[in-house]
Amino acid sequence: MQNHPCGGQPLTGVPDEIWEIARERERVIRPLVLEPPACRARSEVMAAAAAELELSPHHLHRRLKAYEADPRTRSLVLLSTEKSV
């Protein structure tokens, strides 16, 4: 079983505002997963993505890994047990 924030459970009752944040994250993260930046530009691209999403680089990396494991918007929903920065 893949490890993602939902544990395979349906995400019922997630407020629309949280889904909107997840969709915004997906807009930025999906291209990074589908076409990773070249090695020499990677740190700049990741720093720009983290700044755009107002995430720490560490949290961006965690979200990238979650999306790689489960490439659906639901993998980017921040649960109450997670910290955003």
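1. The accessible surface of this predicted protein model amounts to about 5,700 Å², and carbon and sulfur atoms account for 54% of that surface. Areas follow the Shrake-Rupley method with a 1.4 Å probe. Of the 85 residues, 36% are buried (under 20% relative accessible area, 1.4 Å probe, protein chains only).

2. In this predicted model, local features need pLDDT of at least 70 and side-chain atom pairs count only at pLDDT 80 or more, while totals for chains, interfaces and linings use all residues. Side-chain values use heavy atoms, with hydrogens and water left out, and residues are numbered from 1 along each chain as its sequence is written.

3. The secondary structure consists of 3 helices and 0 strands, in the order α-α-α (helices are DSSP runs of H or I, at least four residues; strands are E, at least two).

4. Helix α2 (residues 39-53) packs on α3 with axes 9 Å apart and an angle of about 95 degrees (axes are fitted to C-alpha atoms over the stretch in contact; angles between N-to-C directions run from 0 to 180 degrees). α2 is therefore roughly perpendicular to α3 (65 to 115 degrees). M46, A49, A50 and L53 of α2 meet P57, L60 and L64 of α3 (contact: heavy atoms within 4.5 Å). This contact has 7 nonpolar, no polar and no charged residues (nonpolar: Ala, Val, Leu, Ile, Met, Phe, Trp, Tyr, Cys and Pro; charged: Asp, Glu, Lys and Arg; polar: the others, Gly among them).

5. The axes of α1 (residues 16-34) and α3 (residues 57-69) come within 10 Å and cross at roughly 70 degrees, so α1 too is roughly perpendicular to α3. Residues of α1 in the contact include R25, E26 and R30; those of α3 include H59, R63 and E68. By class, the contact of α1 with α3 has 6 nonpolar, 1 polar and 5 charged residues.

Conventions. Parallel < 35°, antiparallel > 145°, perpendicular 65-115°, else oblique. Buried < 20%, exposed > 50% of the residue type's maximum accessible area, 1.4 Å probe, protein only.
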